[in-house]
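Welcome, and please take a moment to look over the sequence and the 3D view.

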Amino acid sequence: GTAPGQQLRALFYALPPGESSFRTVEEVPDYVEKSIPFFITFIGLEFAVSWFQKRELSGRINDGISSLSLGILSRLPDVLFRSVDLISYIYVWNNYRLFELPWDSPWTWYLTLLGVDFVYYCFHRISHEVNILWAAHQVHHSSEDYNLFTALRQSVLQKYTSWMFNLPMALFIPPSVFAVHLQFNLLYQFWIHTEVINKLGPLEWILNTPSHHRVHHGRNPYCIDKNYGGTLIIWDRIFGTFEAEDAKVVYGLTHPVNSFDPIMLQLRPLAHIWNTFWATPGFCNKLSVIFKGPGWGPGKPRLGLPEEIPVITGKEVPFNPIVPAYLNCYAVVHFAIIVDLYTELLATVTTLSQGTVLLRIGFIILSLASFGLLMENKSKAGILEIIRCLVFIGVYKLGYFRSQFPFLGYAYEV
């Protein structure tokens, strides 16, 4: 296990090689899962600091629930099977490795830090420049707020394309070292999703910071396709994709999705590519729809025309349907119940039957979709929510759901 102090330092990539080197993959802690309490704590802290600085909260209920829903959704496949990143990596290591770097050498540790971060830069950049990969990655950019909730807004599909980029490292870097850095690289990117931290002096030259990453999330023309780094900003400086924060950043996609429904946010871009693919004449053009940039069209350069990016006036209003206050409270309470069920599922998944696991996952997905529609004030949302509550009571009574807190059982039924 990891002590809370170690876990906190893991969030900032501050665990030295001596404390985070392991002989086998099985010994590597699940740093990401153990960080959940810290995520919650930091989100609370961000709210407090934001209120103190500007007398306004750092987020909105609808957007926050949407981000957390997408975060939970993105982690659900891992409940069913080990991450494709590690399976493929271990396979290449076992069958094709050229030589073995020592797992307990600090040199191996630092080399892997650079390797994982460089691969992240490459994959992240390609995810913005290849339409089919952008369809997965855009989920992370779909929020019009920028706060720690946004960091948890992740794509379900992205990990099924990123794994292949890591495989060259499997020719010489032990899987246990890779497994540590894969998590650290992801965790480091949590704290940079905030507006409450300004510039960080000389660190801005080397590290990816909140200021650099705000640019990456902007839809202002100067922000598009900039600052792809994960932990380090040096790759952007080397490859010419660096841009310093300048004019006030307006967040989100150049063409906002205007939805809080997590299923819709994950799948709509794929539907858009599908429709464009069939509507575009010519076989080569059809391939270009898939493999060129999201802004590409027949006769345009690979990444589209910069002048077609919508102008930012500074008067952009985020998508924010009016919802009665009681509905917001309702959504927050029920969302908390789903988080409880989800964390209980993570804790007990190895003891449950496959059927029970699938039932719980199905119910979690149904719930997240229902909350999304409630937040949009959709007419069908009420009916779906009633069905969802009836399903919950039935399944709960039959004992397929358990809370982590037994004393809440009665309250849940109420």
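The report below goes through the model topic by topic.

## About the model

This is a predicted model, in which local features need pLDDT of at least 70 and side-chain atom pairs count only at pLDDT 80 or more, while totals for chains, interfaces and linings use all residues. Residues are numbered from 1 along each chain as its sequence is written, and side-chain values use heavy atoms, with hydrogens and water left out.

## Annotated domains

UniProt places "domain: Fatty acid hydroxylase" at residues 110-241, and the annotation "domain: Alkylglycerol monooxygenase C-terminal" covers residues 327-414. UniProt positions are given here in the numbering used for this model, with feature names shortened, and such annotations may be inferred rather than shown by experiment.

What do these spans look like in the model? Residues 110-241 are 55% helix and 0% strand, with end C-alpha atoms 24 Å apart. For residues 327-414, the figures are 75% helix and 0% strand, and the end C-alpha atoms lie 17 Å apart. Helices (H or I, at least four residues) and strands (E, at least two) are DSSP runs, numbered from the N terminus.

## The nonpolar cores

A nonpolar core is a set of buried Ala, Val, Leu, Ile, Met, Phe, Trp, Tyr and Cys residues joined through side-chain atoms within 4.5 Å. Buried means under 20% relative accessible area, exposed means over 50%, and partly exposed is in between (1.4 Å probe, protein chains only). The largest core has 41 residues, and Tyr31, Met169, Phe184 and Phe190 touch the most other members. At least two residues of this core come from each of α1, α2, α3 (36-54), α5 (84-96), α6 (106-129), α8 (148-151) and α10 (175-191). Helix α10 gives the largest share, nine residues.

Which residues does Met169 contact, leaving aside its neighbours within four places in sequence? They are Tyr89, Gly115, Val116, Val119 and Phe178, where contact means heavy atoms within 4.5 Å.

## Salt bridges

Side chains of opposite charge can pair when their charged atoms come close. A salt bridge is counted when a side-chain nitrogen of Lys or Arg is within 4 Å of a carboxyl oxygen of Asp or Glu. A search of the whole structure finds 15 of them. One of these joins Glu19 and Arg9, whose closest N and O atoms are 2.8 Å apart. Glu19 sits in the loop between α1 (4-11) and α2 (31-34) and Arg9 in helix α1, so the pair ties together parts that are ten residues apart in sequence. Glu19 is partly exposed, at 29% relative accessibility, and Arg9 is partly exposed at 31%.

Arg75 and Asp78 also meet in a salt bridge, at 3.9 Å from N to O. Both lie in helix α4 (residues 61-80), three residues apart, about one turn of the helix. Arg75 is partly exposed at 27% relative accessibility, and Asp78 is partly exposed at 28%. Glu100 pairs with Arg97, with closest N and O atoms 3.0 Å apart. Elsewhere, Arg60, Asp63, Asp145 and Arg153 are linked in a network of salt bridges.

## Loops worth a look

Where is Leu253 found? Leu253 lies in the loop between α12 and α13, and it is buried, with a relative accessible area of 10%. Leu253 and His141 are 112 residues apart in sequence, but their C-alpha atoms are 6.2 Å apart in space. Not counting residues up to four places away in sequence, Leu253 touches Trp134, Gln138, His141, Ser142 and Arg219.

Asn258 is also in the loop between α12 (234-239) and α13 (262-279). Asn258 has a positive phi of about 55° although it is not a glycine, and it is partly exposed at 40% relative accessible area. Tyr13, likewise not a glycine, has a positive phi of about 60°. Tyr13 is found in the loop between α1 and α2 and is buried, at 11% relative accessibility.

## A nonpolar surface patch

Leu80, Phe81, Leu157, Tyr160, Leu267 and Leu358 make a nonpolar surface patch of about 510 Å². Patches are made of residues with over 30% relative accessible area and no salt bridge; like charges are joined within 9 Å, and nonpolar side chains (Val, Leu, Ile, Met, Phe, Trp, Tyr) within 5 Å. Accessible areas come from the Shrake-Rupley method with a 1.4 Å probe, and for residues only the protein chains shown count as cover. Leu358, one of the patch residues, lies in helix α16 (residues 354-375) and is partly exposed at 46% relative accessibility.
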